[in-house]
Amino acid sequence: MTDFTMKTDADGVATITWDTVGKSMNVMNQQGFYDLDALIDEALADDKIKGVILTSGKEGSFAGGMDLNIIAKMKESAGDNPAKGLMDGLMATHQMLRKIERGGMDDKNKGGKPIACAMQGTGLGIGFEIPLACHRIFVADNPKAKIGLPEIMVGIFPGMGGTTRLVRMMGAMAASPFLLEGKLSDPKKAKAAGLVDEVVPADELLAKAKEWVLSEPKIVKPWDEKGYKMPGGAPYHPAGFMTFVGASAMVHGKTQGVYPAAKALLSAVYEGAMVPFDTALKIEARWFTNVLMNPSSGAMIRSLFINKEALEKGAVRPEGVDDQSVKKVGIIGAGMMGAGIALVSALAGIEVVLIDSKQEAADKGKAYTTAYMDKGIARKKATEEKKEKVLGLINATTDYDALKGCDLIVEAVFEDVGVKAEVTKKVQAVVGEDCIFATNTSTLPITELAKASNNEEQFIGIHFFSPVDKMLLVEIIKGAKTGDRATAKALDFVRQIRKTPIVVNDARFFYANRCIIPYINEGIRMVTEGVEPALIENAAKLLGMPLGPLQLVDETSVDLGVKIAKATKAAMGDAYDDAVDEILFWMEAEGRLGRKANAGFYAYDEKGKRQLLWDGLEAKYPVSDDQPELSEVQNRLLFAQVLEAVRAIEEDVLMDIREGDVGAILGWGFAPWSGGPLSWLDMVGTPWAAETTNALAKKHGERFEAPDLLEAMAKEGESFYERFDPAKAA
Ligand code: NAD
């Protein structure tokens with residue numbers, strides 16, 4: 001069986017159809033490249049064939065991308081020289097795509113056969129780089145389709161000619177959102193941007209492509225003609241110069257220089273723009289090889305692509321439990337979280353009952369969806385009909401009887417054991433026996449809360465992050481008695497609302513908050529020690545953390561920090577470390593509650609725009625003359641987080657290391673370039689990690705002592721992805 005087949009019609013038009021066996025969307029694999037290459041050779045050599053249409057056998061899409069095993073195979077293909085294997089493999093791909101692009105023309109651009117690409121819809125990555133090599137791109141008018149080059153999002157860049165071709169087609173400036181941000185477009189927007197040539201009704205797609213193939217079109221690409229000039233100017237052109245200087249600064253500003261792919265992409269564009277096309281492809285291949293050889297890319301691909309998708313597809317779903325898709329969800333508490341959960345549920349087409357103790361509060365919760373949809377309409381992303389449909393799914397009420405028929409409850413009332421227990425009882429008096437009860441608590445132990453329930457097996461934690469509609473992660477927490485059906489229900493619900501789940505066991509702060517709180521505390525603690533606040537914040541930014549610890553406190557609020565500190569102290573007793581209490585309690589007393597008060601660790605202007613760090617801090621916590629090295633500050637901030645991830649494995653809170661990494665990046669933005677805390681430990685090596693953190697412990701306290709697990713692994717030089725290989729665990 002092969003993924004590509006060719007048929008030639010009576011008019012001499014050959015149609016090459018791509019239909020990956022066993023997949024709902026086409027994916028390029030190694031055999032696919034060989035097959036496509038052979039069919040192109042055949043079509044170009046056959047005198048009866050006048051031109052070619054390349055299309056897909058899948059409804060609604062052209063191709064979703066590349067099977068990343070190709071990269072692994074390329075690396076292995078040159079023995080112990082993986083870089084050579086990659087470079088050779090990439091150049092072979094370039095030759096194949098170049099063959100399509102030249103269509104059999106001679107050196108003088110004479111002869112040759114037109115090759116059109118007819119895309120039924122979505123074309124991503126290599127699924128768009130192949131069309132870019134064809135002579136004309138037709139796309140079916142399918143508004144749901146997504147077209148573009150999202151590689152940068154997973155730590156690589158378009159390295160199968162996409163970078164070089166796009167820059168030569170539209171210029172570096174116009175190409176930059178598509179290359180540097182991985183921007184995707186629907187067919188109409190893709191046409192407006194100049195990414196594709198024609199958008200046609202789906203049922204005319206092949207006919208239009210054929211008409212064009214038979215029209216004896218001109219097929220020479222602009223860059224293969226004499227006198228070609230790059231749109232917007234090459235680097236030494238005055239306009240081009242401005243673009244490249246600006247782009248370098250912008251990329252560095254956005255990435256802090258920690259993402260190898262963004263830098264390499266820019267180098268490939270810059271260097272490629274100064275040489276002929278074929279040399280530019282070679283440069284692109286070199287930089288792509290460089291990126292693929294960087295451990296950061298491998299770790300990002302593993303976490304943000306392979307493992308994220310595996311978790312979304314149910315990698316940790318209990319076996320043997322039938323489909324638990326939610327039909328009617330009851331949400332109790334229409335505050336900030338409840339309103340968001342109602343919105344994402346209704347957007348997924350689930351019927352919602354949104355309850356609060358006062359009708360006014362319930363209505364306010366529903367109004368959040370109204371405002372969201374109105375914004376969507378203003379941005380032309382939603383319609384009035386869609387808004388009516390979504391709002392029609394939400395019943396905002398105070399009447400618990402409306403919960404009848406719900407198969408899932410998500411409780412999001414105040415963070416108070418008593419209030420939650422009362423609500424649990426009230427709900428269970430109304431709903432059916434099968435209904436699963438979930439709590440969205442951020443700090444209270446699930447096993448304790450479950451005690452208020454009449455069925456602890458059906459009680460579970462579903463922890464959303466704020467703002468619910470933006471945050472991609474949902475943390476599912478199993479209490480001591482939570483059963484498989486409850487876990488499956490939570491996972492199926494998360495799939496319906498299109499978020500990424502992780503499933504963890506119950507322990508203080510679960511997983512995400514357990515790691516993020518020590519990060520925040522370490523930052524605050526350094527302020528009290530006299531470390532320059534700007535050094536702390538910049539050290540975090542230079543690690544690729546989206547927010548410095550002090551900014552993060554301001555965003556989540558100082559009073560929340562105080563609440564958590566008090567509750568943790570009450571729960572932990574003597575074991576509690578109160579190093580940050582003084583400063584937090586003082587800030588609260590000063591009314592510097594963070595962004596919401598327009599005053600916190602940072603100063604804010606009247607409009608709420610964040611300014612510099614607050615200069616009043618220094619009066620109470622003077623900056624010491626002796627500042628630590630940047631690397632020491634960074635290590636403190638990193639180890640504060642990663643040691644908790646290790647302890648979460650030790651304590652069986654994390655059951656699958658993939659969840660530890662994916663959860664960290666999606667949940668609190670842990671330096672995405674690293675692939676997550678456990679990938680980071682593997683990258684620096686467990687021996688170095690144990691030695692470094694133990695040195696920190698000597699200087700800063702026992703919280704940095706390497707956990708036993710890390711110590712043991714360091715002795716063996718073992719890595720987390722070896723020891724806890726998810727493939728073996730499965
Ligand atoms: P909130 O104060 O904005 O909303 C709570 C809502 O519950 C209010 O509208 C209140 O009127 C309602 N309520 C209180 N008692 C009720 C009762 N007996 N019956 C019906 N409704 C009642 O709080 P929030 O920020 O939305 O947090 C809700 C829950 O989610 C808490 O457990 C919190 O810890 C958790 N959580 C919050 C965040 C966050 O960032 N805010 C993140 C994750 C989880």
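This is a predicted model: local features need pLDDT of at least 70, side-chain atom pairs count only at pLDDT 80 or more; totals for chains, interfaces and linings use all residues.

Biologist: How many cavities of 30 Å³ or more does a search of the whole structure find?

Modeller: The search finds 1 cavity of that size.

Biologist: Which residues line the largest cavity?

Modeller: The lining consists of T163, T164, V167, R168, A268, V269, G272, A273 and A280. By class, these are 5 nonpolar, 3 polar and 1 charged.

Biologist: And which helices supply at least two residues each of that lining?

Modeller: Those are α5 (162-170) and α10 (260-272). The largest share, 4 residues, comes from α5.

Biologist: Let us turn to the ligand. Which residues come nearest?

Modeller: There are 21 residues around the ligand, and M337, D356, E415, K420 and S442 come nearest.

Biologist: What distances do you have for the side chains of E415, K420 and S442?

Modeller: From an N or O atom in the side chain of E415, an oxygen atom of the ligand is 2.5 Å away. For the side chain of K420, the corresponding distance to a ligand oxygen is 2.7 Å, and for the side chain of S442 it is 2.7 Å. Taken alone, the ligand exposes 830 Å², of which the protein buries 78%.

Biologist: Which element gives the most to the shell around the ligand?

Modeller: That is α16, with 3 residues. The elements that each supply at least two residues are α13 (336-347), α16 (417-428) and β18 (459-464).

Biologist: How does the shell divide by class?

Modeller: The shell has 10 nonpolar, 8 polar and 3 charged residues.

Notes:
Residues are numbered from 1 along each chain as its sequence is written. Side-chain values use heavy atoms; hydrogens and water are left out. On a 1 Å grid over the protein atoms alone, a cavity is a set of points where a 1.4 Å probe fits but cannot get out, and a pocket is an open set with protein on both sides within 12 Å along at least five of seven lines; lining residues have an atom within 4 Å of a point. Grid points are joined across faces, edges and corners, and a volume is the space filled by probe spheres set on the points. Ala, Val, Leu, Ile, Met, Phe, Trp, Tyr, Cys and Pro count as nonpolar, Asp, Glu, Lys and Arg as charged, and the others, Gly among them, as polar. A residue is near a molecule or strand if one of its heavy atoms lies within 4 Å of it. A polar contact is a pair of N or O atoms within 3.5 Å; within protein, one must be able to donate a hydrogen and the other to accept it, and residues adjacent in sequence count only if both atoms are side-chain atoms. Accessible areas come from the Shrake-Rupley method with a 1.4 Å probe; for residues, only the protein chains shown count as cover.
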